[in-house]
Amino acid sequence: MNEVSDYKKPAKPYYNLILHLHPRKVKLQTLRFTLTFGLGGMAALLVVIQVFTGLLLKFHYEPSPENAYDSILTIRDGLLFGKMVRNIHHWSAILLLWITFLHMLRVFFTGAYRKPRHATWIFGMVLLVLVVLSNFTGYLLPWDQLSYWAVTISTSLLEYIPLIGHGIKASLLGGQEVGSATLTNFFNLHTGIIPLSMIVLMGYHFWRIRKAGGVIVAEKDKESPLVDTQPHLVARELVVALVLLAVLLLTSSLFDAPLRERANPAYSPNPAKAPWYFMGLQELLIHFHPFFTVVVIPLAILLGGFWLPYIRLNDSNYGIWFLTGKGKKSALYSLVAALVATPVFILASEFLPDPEKLIPVIPSIITMGIIPFTLVAGSVYFFLKILHKKLTLNRSETIQSLLIVLVCSYVVLTLTGIFFRGEGMNLMWPWQI
Amino acid sequence: MKKTPPDINLNKKSERREFLKTAWKILGLVAATELVFLTFNLLRPGKDQKKSKTAANLKIIGNVEDFLPGSVTPDRVNKVYMVRQKDGGFLALSLICSHLGCSVLWNEEKKQFICPCHSSAFDRLGNVINSPAPRALDYYPVTIEGGKVKIDTGQKIKRKKFDKNQVTYAI
């Protein structure tokens with residue numbers, strides 16, 4: 001480590017700031033780019049970008065149904081670099097959702113959700129939900145046809161939650177329909193409550209990582225040598241940040257954030273679609289009874305996520321992508337199975353006769369809910385059981401396979417919803433839409 | 001003065017500490033529940049101080065003779081379809097789909113209301129022909145006074161399916 005002592009120390013305030021965020025020394029093994037891909041740092045940087053561009057947009061945006069659309073037009077066409085700021089805000093919002101999701105997958109596949117990192121994982125999940133909510137509340141603000149109907153559809157989903165659904169919807173919308181009160185609510189959530197909660201939780205998230213001894217490393221690298229944060233970690237972070245900024249600026253100058261016609265509550269566009277990250281849910285809604293789509297499935301996944309760090313695991317295969325060689329193999333099998341089974345399921349549900357119409361006597365919660373749900377959950381269970389037996393997987397490898405099945409099928413459902421659903425939400429090829 | 005044995009004293013102390021800890025946790029939980037409840041209630045619409053509460057929101061949709069028997073006429077402003085029965089009765093259907101709140105469109109060839117979002121279909125009485133819509137289109141009570149057809153926009157009524165007494169006749 002001689003080169004480090006030769007290194008000229010940077011100015012004191014800067015050095016202080018860096019060492020406030022980072023420990024003085026970090027493990028050499030954690031610097032490997034392919035361990036983390038720098039995803040967590042990218043997410044943090046994107047949040048900062050969102051705060052700054054958002055604050056700039058706030059100077060001109062007016063949150064009322066009469067003025068919102070026009071103020072967006074002013075930002076787009078009547079301000080120096082207004083369009084650029086809006087584009088950056090739009091693309092970094094989408095990028096943030098992607099990066100946060102990938103970050104979660106990275107943490108999962110390297111087994112970094114285990115104790116003592118359980119709090120980091122749980123608050124990370126809360127942050128992911130907040131990122132989705134932030135995206136969703138921002139979706140309404142331009143008040144064009146796209147945002148109005150996407151929010152109408154998504155909030156109507158809430159009505160299918162028994163007992164409390166109507167109450168939650170009324171609170172969120174500030175009434176029965178999307179209107180002026182909804183815009184006020186969404187604007188305040190988007191520019192106040194959600195970012196504030198995110199910043200507080202991010203602080204906690206980072207502190208817990210440091211408390212757990214930094215980024216996870218494999219058991220064999222426990223005694224990894226320590227290197228100075230400055231310059232070894234800081235230089236790497238700078239490279240990632242600059243590349244990310246370059247990609248963001250390039251995207252924002254080449255592609256404009258969408259803006260359709262002014263919102264018209266009397267005419268829904270055909271097809272009317274939810275925001276792209278909810279398209280998997282909307283697609284699922286075509287196949288399942290709403291109670292299963294809106295309550296059972298999301299709740300099961302969310303609770304499963306919170307429960308995950310508390311499941312007793314009897315191995316120490318962490319810090320390595322996909323845990324073990326066997327883990328890699330089973331991950332690949334699960335990937336292929338989900339990629340094949342989900343389209344088959346969609347086509348079967350589309351072209352086989354509708355059970356609801358065949359036997360109209362039985363309520364649709366059974367024919368469209370319990371029966372197809374049991375079929376799907378049952379086939380996933382048996383698939384995992386066979387995989388578990390054939391490859392003699394341990395518990396963490398089985399959980400990993402389950403997550404891959406869930407994530408892949410959601411991705412396929414989302415892609416189907418976005419690219420293969422045209423007029424009247426009928427299945428068609430992307431070029432026919 | 002008698003000395004208390006130290007171990008008993010310790011036990012008592014830790015018991016008290018445990019109790020206080022639990023009490024703090026419960027209080028924290030109560031406070032959090034209150035906060036969530038208050039936040040959700042604050043988001044709801046307040047009572048409008050400008051409008052009087054008692055007056056019904058009666059809106060004139062048109063004259064009786066504007067609607068031919070057997071016709072379906074949209075009123076996009078009030079978000080309603082006025083359906084005139086063959087026997088002259090009036091039925092005011094909400095144009096908001098009962099599934100996810102998109103606005104349904106009347107298809108004259110098929111004689112159906114079709115929702116663009118998930119292709120739910122309803123017949124001219126608002127009954128579901130094609131799922132995923134879970135129930136018939138909502139309706140508004142119609143009143144007819146002095147040749148004018150009016151609906152009460154404050155009273156959107158949910159229903160499972162069509163029933164004869166949802167229709168109003170001009171006398």
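The model is predicted. Chain A contains 17 helices and 2 strands. Its C-alpha atoms occupy a box of roughly 80 × 65 × 40 Å along the principal axes. The radius of gyration of chain A is 24 Å. A compact globule of 433 residues would have a value near 22 Å, so the two agree. Of the 433 residues in chain A, 31% count as buried. Contacts in chain A were also sorted by sequence separation. Among those between residues at least 6 apart in sequence, 81% join residues at least 24 apart.

One helix pair was examined in detail. Helix H7 of chain A spans residues 118-140, and helix H8 of chain A spans residues 145-156. Their axes come within 7 Å of each other and cross at roughly 130°. On the H7(A) side, the contact involves A:Phe136, A:Tyr139 and A:Leu140. These meet A:Ser147, A:Ala150, A:Val151 and A:Ser154 of H8(A). By class, the residues of this contact comprise 5 nonpolar and 2 polar, with no charged residue.

A:Val85 belongs to helix H6 of chain A, which covers residues 82-109. It has 21 C-beta neighbours inside 10 Å. The cut-off for a buried residue is 20 or more, so A:Val85 counts as buried. Leaving aside residues up to four places away in sequence, A:Val85 touches A:Thr53, A:Leu56 and A:Leu57. A:His20 gives a further point of reference. A:Val85 and A:His20 stand 65 residues apart in sequence. In space, their C-alpha atoms are 30 Å apart.

Chain B was described by its domains and by its contact with chain A. Chain B is divided into domain 1, residues 1-44, and domain 2, residues 58-166. The centres of these two domains of chain B, taken over C-alpha atoms, are separated by 57 Å. The contact between the chains takes 16 residues from chain B and 25 residues from chain A. On the side of chain B that touches chain A, 8 residues are nonpolar, 5 are polar and 3 are charged.

Definitions and conventions:
Residues are numbered from 1 along each chain as its sequence is written. Chains are lettered from A and ligands numbered from 1 in the order in which they are written. This is a predicted model: local features need pLDDT of at least 70, side-chain atom pairs count only at pLDDT 80 or more; totals for chains, interfaces and linings use all residues. Axes are lines fitted to C-alpha atoms, for helices over the stretch in contact, and angles run from 0 to 180 degrees between N-to-C directions. Helices (H or I, at least four residues) and strands (E, at least two) are DSSP runs, numbered from the N terminus. Two residues are in contact if their C-beta atoms, placed from the backbone, lie within 7 Å. Ala, Val, Leu, Ile, Met, Phe, Trp, Tyr, Cys and Pro count as nonpolar, Asp, Glu, Lys and Arg as charged, and the others, Gly among them, as polar. Domain bounds come from an automatic or database domain assignment. The radius of gyration is taken over C-alpha atoms; the globule rule is 2.2 Å times the number of residues to the power 0.38. A residue is buried if 20 or more other C-beta atoms lie within 10 Å of its own, exposed if 12 or fewer, and partly exposed in between; C-beta atoms are placed from the backbone.
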